2 protein chains.
Amino acid sequence: MPDPSNNLLVSLYGERHRLCPTPNPALHLVLSFDREIDLIELEQLCDAVGWSRRPLRRVRKALKHSLLCVGLWRHDTRLPKLVGFARCTGDGVVEATVWDVAVHPLYQGAGLGRQLMDYVIAELQTLGVDRVSLFADPHVVGFYEGQGWELEPQLRRCAFWYSP
Amino acid sequence: MPDPSNNLLVSLYGERHRLCPTPNPALHLVLSFDREIDLIELEQLCDAVGWSRRPLRRVRKALKHSLLCVGLWRHDTRLPKLVGFARCTGDGVVEATVWDVAVHPLYQGAGLGRQLMDYVIAELQTLGVDRVSLFADPHVVGFYEGQGWELEPQLRRCAFWYSP
């Protein structure tokens, strides 16, 4: 597949899309805030990474009330495929929290997770957010520490959960 | 001061206000989502609890984009005084995060922090939020644990911070 034109990418993914370099020149991957997330595709992605399902109407509402939702798309002129996702909640000024960072297992290991996080952080910088928080499983601690995230030391600020 | 009438309280604090019992019958304290927070009063409260100041225009924006903001007011028919505060960010469906929980030092020790948190949690329950998170200083761990909050075990989900 030849490099897609910028006009085509803008029409599919919006002005603020970002092309992700990959080792495979035939594979074009695109990050976008603007392209709408298909809920069925998102559910398939979550299934693929092993997350438990949530009712679609609740997911729709959660996405709608998020500060930003980012999709990572395998480019196709007719039907781009969602292969990665992340979203943030927050006030967009003082606090932002990143949730639901996922890259499809078939596309892991090529640095896409890092590019996805870079893209999210760049947007939060543009908004001027003071600080960003996230919660992550222990097996990805190295992934976030390698990108400049500071693991919460138990003795400085403690994280709490509550199920209402 | 005699018990204020419910009509008066509704006009000052909105339908969803909650009166807080205190040991002092002359002191009426009221929790409210609906009464607008005066930014100067909020800054004075933050000064009193020893928090660093933020530019008011940023605080205004952060409050405007919060899921909910709660004030604790010392009731006065003419000029209620803000003596406590908390706010939440989140999507209002899956995730909510509590920030900036403060009770003025003069009003601490009477269980008001707990009543403030109860009021916040009750509203998050009404919204149907799946889970609530917060970050807290180590010296208040007991305060949250006593109310059913689960301290994040380092080995289950790790909390991260990032300054963009």
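How many residue pairs are in polar contact between chain B and chain A, both at pLDDT 80 or more? The count is ten. The model is a predicted one, and the tour starts at this interface.

Select the side of chain B that touches chain A. Helices H3, H4 and H5 and strands S4, S5, S6, S7 and S8 of chain B each give two or more residues to this side. S6(B) provides the largest share, six residues. By class, 23 residues here are nonpolar, twelve polar and 14 charged.

Next, show both partners. In contact are 49 residues of chain B and 49 residues of chain A. About 5,000 Å² is buried between the two chains, 59% of it from carbon and sulfur atoms. Pick B:Phe160, B:Trp161 and B:Tyr162: they supply 18% of the area that chain B buries against chain A, more than any other three residues.

Six salt bridges are counted between the chains. For one of them, select A:Asp91 and B:Arg87, whose closest N and O atoms are 2.7 Å apart.

Now turn to the sheet. Eight strands form an open, mixed sheet in the order S1(A)-S2(A)-S3(A)-S4(A)-S5(A)-S6(A)-S8(B)-S7(A). S1 (18–20) and S7 (150–151) of chain A are at the edges with a single partner strand each, so one side of each has no neighbour in the sheet. Within chain A, S2 (29–32) and S3 (68–74) run antiparallel, joined by four bridges; A:Val30 stands opposite A:Trp73.

H2 (39–48) lies across S3, S4 and S5 of chain A, at about 95° to S4(A). H4 (112–127) lies across S1 to S6 of chain A and S8 of chain B, at about 160° to S5(A).

Finish at S8 (158–162) of chain A, which pairs antiparallel with S7(B) over two bridges. There A:Trp161 has B:Glu150 as its bridge partner.

Key
Residues are numbered from 1 along each chain as its sequence is written. Chains are lettered from A and ligands numbered from 1 in the order in which they are written. This is a predicted model: local features need pLDDT of at least 70, side-chain atom pairs count only at pLDDT 80 or more; totals for chains, interfaces and linings use all residues. Side-chain values use heavy atoms; hydrogens and water are left out. Two strands pair if DSSP finds at least two bridges between them. Contact means heavy atoms within 4.5 Å. Axes are lines fitted to C-alpha atoms, for helices over the stretch in contact, and angles run from 0 to 180 degrees between N-to-C directions. Buried area is the accessible area (1.4 Å probe) that two parts lose on being put together, summed over both. A salt bridge is a side-chain nitrogen of Lys or Arg within 4 Å of a carboxyl oxygen of Asp or Glu. A polar contact is a pair of N or O atoms within 3.5 Å; within protein, one must be able to donate a hydrogen and the other to accept it, and residues adjacent in sequence count only if both atoms are side-chain atoms. Ala, Val, Leu, Ile, Met, Phe, Trp, Tyr, Cys and Pro count as nonpolar, Asp, Glu, Lys and Arg as charged, and the others, Gly among them, as polar.
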